[in-house]
Amino acid sequence: MTEYSKIFAALADATRRNMVERLVENDATVGELAKPYGISLQAVSRHLKVLQEAGLIRRPGGGHRSPVRLEEDALGPAAQWIEEFYNSRLRSKNNDITGEIIRTANPAPGEFVVVREFPFPLRQLHRIRTDPELYVQWIAPPETQVRIMFWDPRPGGRWRLRFIGDSKVDIYGTFHEYDPGWIVQMFTIGNKTDNLAISSQRAKDVGGDESRMSFKVTTDNLEVWADFRRRCYPETETNASDIHGEVEAEIKEAFGRAASLPESDAA
């Protein structure tokens, strides 16, 4: 697992994020960290173990009464990854190629950008992206069943979808930005923590009751995506030599399904 993947995995949990925010102020014991949550010292210790393995904290004494200290420089790799992601998005945001895959000048192996126009205005586009009953109609091929485990579309809200093909795989994550023109999500495929991805969706009205969305996703583990496709998309052949190209094509197909939703559904 990459260094920043461990950090993102550790910070995916709201309780651990709050603990890190608390430790920014000053050191704290396990008991002091447990107090706001009403959870056991053992539960707090489990959270701290995850943070420690990610390099975010250190516990010099190791006991419940010993101070827990924040490693202030540990967020550097993750911050650099996010900065590179946003810089890359900014380089490509002005591309206006409808329905085509567009790459930045030096794309990472797991970086994809799609821009597509939709035959309905932004308010309807926003609905098919955020109403879970509509979302599951286009996010996967028809032969794959998608179940909504939970869905809380707001900044900080969590979601989980279960994809069922030859086997079951959950994809789950958190909304980080959420409004009609700008949605950012961080998510993980399956039970492993070495395949974190971040997606951003920029959308706007373009006139004539049409809208346009620029979608970008960056992942650090394409092999996990290939395994997911083999397990949950039984009608799809996976070419191990061109996983990147197949994921690109899959994104385009999904957006095609979204654009083809009946007007009554999108309205």
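I count a salt bridge when a side-chain nitrogen of Lys or Arg lies within 4 Å of a carboxyl oxygen of Asp or Glu. The model I searched is predicted.

**Entry: salt bridges.** My search of the whole structure found 11 salt bridges. I looked up several of them.

Glu-71 and Arg-58 pair through their side chains at 3.2 Å, N to O. I placed Glu-71 in the loop between E2 and helix H5 (76-92) and Arg-58 in strand E1 (residues 57-58), 13 residues apart. Glu-71 is partly exposed at 30% relative accessible area. Arg-58 is also partly exposed, at 39%.

Asp-27 and Arg-69 form a salt bridge at 3.0 Å, N to O. The two sit 42 residues apart: Asp-27 is in the loop between H2 and helix H3 (30-34), Arg-69 in strand E2 (residues 69-70). I read 36% relative accessibility for Asp-27, so it counts as partly exposed.

Glu-117 and Arg-212 meet at 2.5 Å, N to O. This pair links strand E4 (residues 111-118) to strand E10 (residues 210-219), across 95 residues. Glu-117 is partly exposed at 24%. Arg-212 has 14% relative accessibility, so it counts as buried. I also noted one network, in which shared partners join Arg-160, Arg-162 and Asp-170.

**Entry: helix packing.** I checked H2 (residues 14-25) against H4 (residues 41-53). Their axes lie 10 Å apart at about 75°. The two helices are therefore roughly perpendicular. By class, I noted 6 nonpolar, 2 polar and 1 charged residues in this contact. On the H2 side I listed Thr-15, Arg-16, Met-19 and Val-20. They meet H4 residues including His-47 and Leu-51.

Note on methods: Residues are numbered from 1 along each chain as its sequence is written. This is a predicted model: local features need pLDDT of at least 70, side-chain atom pairs count only at pLDDT 80 or more; totals for chains, interfaces and linings use all residues. Side-chain values use heavy atoms; hydrogens and water are left out. Axes are lines fitted to C-alpha atoms, for helices over the stretch in contact, and angles run from 0 to 180 degrees between N-to-C directions. Helices (H or I, at least four residues) and strands (E, at least two) are DSSP runs, numbered from the N terminus. Angles under 35 degrees count as roughly parallel, over 145 as roughly antiparallel, 65 to 115 as roughly perpendicular and the rest as oblique. Contact means heavy atoms within 4.5 Å. Ala, Val, Leu, Ile, Met, Phe, Trp, Tyr, Cys and Pro count as nonpolar, Asp, Glu, Lys and Arg as charged, and the others, Gly among them, as polar. Buried means under 20% relative accessible area, exposed over 50%, partly exposed in between (1.4 Å probe, protein chains only).
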